[in-house]
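Hello,

Here is the structure I promised to pass on. Please open it first, then read my notes below.

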Amino acid sequence: MSVIEIIDIMDYVGDGKRPFVEGSEILKCNHIIEFGIKEQTKNKLVIMALCLQTSNINGHPHEVLVTKTIHEGNVKVSGSCSCKAGTGKCKHVVGVMLKLQKTSIDSLEELSCTELRQQWGKFKSIGTEMYQTIPVKKFCHVEKYISPYSETLPDVLPNNIEKIVYETLIEGIELDPNISDKF
């Protein structure tokens, strides 16, 4: 059984489409680098996660909290994030919720806040590794551009240039002897 059901995420987000679109992108890009159980009771589950910043991949990740509560059989999910948006319905929270929707409750590990922050030390280079800069010339579809003007005229032209041009133009052409002296 998944940690959170999609219907619970939909109830939390409401009518907005944008958090789902952007949260899905967070999930697809593997920006959720670590998550685990922060607190668990009979009726409450709190998940803490680290999510890479899209605006600063190598910076400290956002800390995301997702809380699932069950009261009289009704499930309610909520979230918070350390990002500037601060609405709790940001792409990072929704991305973590979508990840939890694909995760079994049995596969989650318990983590304390300090353990999760210590994990960041281990994952610090993950943004650099995921997004290494590659020169354009290394892409397979980029061919070296050869200018049609790469061969230019010499700085000095030979004195007999007219004769060379004439011979090049009439090369291979049989001329009528009556008009050859006109050239």
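The protein has six helices and four strands. Please keep in mind that this is a predicted model. Starting at the N terminus, the order is α-α-β-β-β-β-α-α-α-α. The chain has 183 residues, and 31% of them are buried. Its exposed surface comes to about 13,200 Å², with 53% supplied by carbon and sulfur atoms. Take the contacts between residues at least 6 apart in sequence: 56% of these join residues at least 24 apart.

Helix α1

Start with α1, residues 6–13. Its buried residues are Asp 8, Ile 9, Tyr 12 and Val 13. Viewed down the axis of α1, they fall within an arc of 130 degrees, so they line one face of the helix. The cover over these residues includes α2, β4 and α3. Just after α1 comes Gly 14, with a positive phi of about 90 degrees.

Helix α2

α2 spans residues 18–28. Which of its residues are buried? They are Pro 19, Phe 20, Gly 23, Ile 26 and Leu 27. Down the axis of α2, these buried residues keep within an arc of 120 degrees, so they too line one face of their helix. The face turned away from that buried side carries Arg 18 and Lys 28, both exposed.

What do the buried residues of α2 pack against? Two of the partners are helices, α1 and α3 (91–101). The strands β1 (32–40) and β2 (44–51) are partners as well.

The α2–α3 contact

Two packed helices are described by the angle between their axes and the distance between the axes. For α2 and α3, the angle is about 65 degrees and the axes are 7 Å apart. The crossing is right-handed. From α2, the contact uses Pro 19, Phe 20, Glu 22, Gly 23, Ser 24, Ile 26 and Leu 27. From α3, the residues are Lys 91, His 92, Val 94, Gly 95, Leu 98 and Lys 99. By type, the contact holds six nonpolar, four polar and three charged residues. The α2 side includes Pro 19, Phe 20, Gly 23, Ile 26 and Leu 27, which are the buried residues of that helix.

Loop residues to look at

Asn 30 follows α2. It sits in the loop between α2 and β1. Asn 30 is not a glycine, yet its phi is positive, at about 60 degrees.

Glu 72 is another case. It lies in the loop between β3 (62–71) and β4 (74–81). Glu 72 is not a glycine either, and its phi is positive, at about 50 degrees. Is Glu 72 buried or exposed? Its relative accessibility is 71%, so Glu 72 counts as exposed.

Thr 103 is in the loop between α3 and α4 (113–123). Why does Thr 103 count as buried? Its relative accessible area is 11%, and buried means under 20%. Leaving out residues up to four places away in sequence, Thr 103 touches Met 1, Ser 2, Val 3, Phe 35 and Leu 108.

Best wishes

Conventions:
Residues numbered from 1 in each chain as written. Predicted model: local features only at pLDDT ≥ 70, side-chain atom pairs only at ≥ 80, totals over all residues. Heavy atoms only, no water. Buried < 20%, exposed > 50% of the residue type's maximum accessible area, 1.4 Å probe, protein only. Contact = heavy atoms within 4.5 Å. Areas by Shrake-Rupley, 256 points an atom, 1.4 Å probe, with all protein chains shown as cover. Arc of directions from axis to C-beta. Axes fitted to C-alpha atoms, helices over the stretch in contact; angles between N-to-C directions. Left-handed = near helix turned anticlockwise from the far one by under 90°. Nonpolar A, V, L, I, M, F, W, Y, C, P; charged D, E, K, R; others polar.
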